[in-house]
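Student: I have a multi-chain model open here and would like to talk through how the chains meet. Could you take me through it?

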Amino acid sequence: MSNATVAESAKDKDARPEKARRPASLWSDAWHDLRRNKVFILGSILVLILLLMAAFPSLFSSVNAYDPSTCDLSNAREGITSKHWFGTDNLGCDTYSRVIYGARVSVIVGIATSLISAVVGGGLGLLAGYYSRWVDVLLSRLAEIFFAIPSVLGALLFLSAIGRENAGAFTVVLSLAVLAWPLILRIMRAAVISAKNQDYVTAARALGAGPGRIMLRHIMPNAIAPVIVTATLNLGVFIAAEAGLSFLGVGVQPPTISWGLMIGDARRRFLEAPEPLIFPAIFLSITVLAFVMLGDAVRDALDPKLR
Amino acid sequence: MGRYVIRRLLQAIPVLVGTTFLLFATVYALPGDPIAALGGDRRLDPQLVSRMREQFHLNDPLLVQYWYYIRDILSGDFGTTFRGVPVSSLFEGKFQVTFQLAITALVFEAIIGVGLGLWAALRRGRWQDQAVLAVTLLLVSIPTLVSGFVLQLVLGVKLKQNTGVDFFPVAGIQDGMRSYIVPGLVLAGLSIAYLTRLTRTSLMETLRADYIRTAVAKGMSRRRVLGRHALRNSLIPLITYLGADLGTLMGGAIITETIFNLPGIGQQLFQSVYLRENAVVVGIVTVLVLVYVLANLIVDLLYAVLDPRIRYE
Amino acid sequence: MKNPSVDTHLLPAERAGDEPLLAVDNLHVEFQTRQGVVRAVNGVSYSVDAGETLAVLGESGSGKSVTAQAIMGILDMPPARIPKGEVRFHGTDLLTMPDDARGQIRGRRIAMIFQDALSALNPVFTVGWQIGEMFRVHQGMSKRDARRKAVELMDRVRIPGAKSRVDDFPHQFSGGMRQRIMIAMAIALDPEILIADEPTTALDVTVQAQIMGLLAELQQESDMGLILITHDLGVVADVADKIAVMYGGRIVENASVFDGYRAPAHPYTKGLLESIPRVDLKGQELYAIKGMPPNLLDMPTGCAFHPRCPYRKENCVTDAPPLYTVSDTRGSACHYWREVLDDGSN
């Protein structure tokens, strides 16, 4: 017995007394870990603030950024003042209130894309892993084809084909999710294949449980952890991608306020008036950081091997 | 090894066909008439429209159109834009710029990522390790969009204003190799973070392996254990990651090239998207996807060279 | 080449001027974990002489492998720590020796083979490279000479077609052949001591016997001291000269292999012996020691074996037994060793 195993078995015995094999304890252990994880706490606080900002921007800003009458062209590209904390943009609109109102698109696109790709990829992964044979071959090949397309390029192509007049948060979500599900499928499929050969699944089948029941009640709870980890880590990736696509002009369209669009608008006068670009950039980074922190913490809690 | 190579090559064919078809279908099956779009708000002469539809095979079924397209691509002809310019002429010189940018980024990635990762792994659990992990967290969180503009402002403008140092060009490629330093760093950002983490876990895992214990028991020095026995094994996943990343970097250069005004393929793509030249967009994306798929293929083959367990499968 | 006149079973401290080849003396090893200090080895002493085979027996977690790793100096420190004890080689303590002096001994004069030869061999180097490395690094031999020596060694451990297989990779060999390669690597520089940590556990029964036979033969040829670590008493009965039984990080019994097998003086040894399947007792129910191995973080009070012991009396729960002298070649850490011994010889 090596020293590592001595230390590990001793650790296991202490941390997880009897129910080490029960799936329920994975979740309670993970929750136990998360509650003490500083990264998770900080990330959660930031995410909560962002959610609040996305739902009720008026709590954070007295100016309604969607009201054009609040802009004053004669004050364009004004620096930081007591009235305009983050200065004003090319059209004399208040950057602070626009940054606050811009949170909504980021949060919606991030969460919706992650959710859709997890549900579609997870569902198909469950089928591919459970049924093997032709269902698996078909789905896996299909995933491989989508997988070969780098996501920014694929989304760009998809969005430019749809045309700018049809573009918006919804099409951005669609274009990103279309390319994101194959990764989830792969992860889910691998987890299902390892779960379905466990004794309790064989036992459930022997007791006459149907495929639907076996998949949903017995396999899924034991295979979903890596999907949750990836979906959480993806949140930040999708938020950054939305900003990039909007910056390139194929994402959400004005008058919708998005940090990516704001950065794109402020770009030409950036070197003389950096504020309208820097502030949405800072918020974008902090938002991505918050979700990445959450994802890192969830991964550490659910899958200690990946650490 | 020969069997492995052949099998891997054969596997790549359906992926390539499927992927190019997918790209093609995305553009041609979606709503919007490309010829009508060419005219903008004006109505085009119906005779001209029908002649153009004929010329671009727009009246044929999708599969037939795809066949023409693939046939042309295989013969090096990427078609012409609706405005009559050959797509391949738009590529000239631009791939070199993008390639050079991606290679610069790859060099940064390899040096910084592998270096930081090895350093962190050898100081596992100590403050240096924690610091490296915190840095990777920050790098992952800063989109190219942000780091690009910030470095442009800080290195290109503020540094010059405040210290007179004018070493980092931040727009265009007039300064040769030097022009690629800052954009390369920006493009590499995310990859540096991933590679650092990958290097760290890879070396840590290797150091836990039984054969490392064997090497120590054989009386090998720490230097030799790390340098010969551990490094070779932990480098395998890193080299494959780097190889595959070349394709990712070339495909992801669009924002970096736009910010730093580099006349690469990404900037061309951006302009074509802006001008709605779908033929050009499809052409460029197809080529970049091909680069990506081929990079992955080459990496898989490289893997077989590096890891004897696969070679003799 | 055995020297029966030398008493090798007493603790080194008790011997008069006759230092064995390798002596472990009152060794303690502990691991720092998040849950606290794990005392994996608690005052272990044993010794081996040239040409002698010591079998160290015990369940996983008994500290037998950790002791071996401490002898080799391949423990990760931290988390491991050696607060007390000595490992004397030719009378010199290895633990207090400077690193470079110890490096001269490790691999050259004291060598070790491990349980799972597939994971213990580096997958990306050929077996010839790995065997030859001993000669290249330790003796400065040229690549070509080292490769020739590797072929010779592979012949010596009876790998068929050594010459054509020297450039193969570990995964291309069968389990038994891989263990032979490990052995070839370990005996490359004619070590004085060879430690074999569960060398046959991962192998088929027939292959097990072949490997044990090979080890015994190599030992005869070169007069090595052999420390054979195993949990399987059946494997060692034919090759060992003496046994040391470990439980919960301590030696609970040491004896000559003859005495130990004939009449154990510790209930744990007795239990281990009774759980070996025997041809002459076919049809009888196989005995198994009840209960679980002790948790090293939370050792039972008194005698560590008391929760599982059929001979348990009240004082076993409170008083830890010392290693009682059973005879001048034997010790047992059981308050009631006489009863156990009497039961065994009946």
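Student: How many residues does the contact take from chain C and from chain B?
Tutor: This is a predicted model, and in it the contact takes 23 residues from chain C and 19 residues from chain B.

Student: Which elements of chain C give two or more residues to the side that touches chain B?
Tutor: Those elements are α3 (117-120) and α4 (127-139) of chain C, with α4(C) providing the largest share of that side, four residues. By class, the side of chain C that touches chain B divides into 12 nonpolar, seven polar and four charged residues.

Student: OK, and chain B against chain A, how many residues are in contact there?
Tutor: There, 37 residues of chain B are in contact with 38 residues of chain A. On the side of chain B that touches chain A, α1(B) gives the most, with eight residues, and the classes on that side are 27 nonpolar, nine polar and one charged.

Student: Switching topic to α5 of chain A, which of its residues are buried?
Tutor: The buried residues of α5(A), a helix that covers residues 133-147, are Ala143(A), Phe146(A) and Phe147(A). Seen down the axis of α5(A), these buried residues fall within an arc of 100°, so they line one face of the helix.

Student: What do they pack against, and what is exposed on the other side?
Tutor: The buried residues of α5(A) pack against α7 (169-196) of chain A, whereas Arg133(A), Trp134(A) and Val137(A) are exposed on the other side of α5(A).

Key. Residues are numbered from 1 along each chain as its sequence is written. Chains are lettered from A and ligands numbered from 1 in the order in which they are written. This is a predicted model: local features need pLDDT of at least 70, side-chain atom pairs count only at pLDDT 80 or more; totals for chains, interfaces and linings use all residues. Two residues are in contact if their C-beta atoms, placed from the backbone, lie within 7 Å. Ala, Val, Leu, Ile, Met, Phe, Trp, Tyr, Cys and Pro count as nonpolar, Asp, Glu, Lys and Arg as charged, and the others, Gly among them, as polar. The expected span of a helix is 1.5 Å times one less than its number of residues. A residue is buried if 20 or more other C-beta atoms lie within 10 Å of its own, exposed if 12 or fewer, and partly exposed in between; C-beta atoms are placed from the backbone. The arc is that of the directions from the helix axis to the C-beta atoms.
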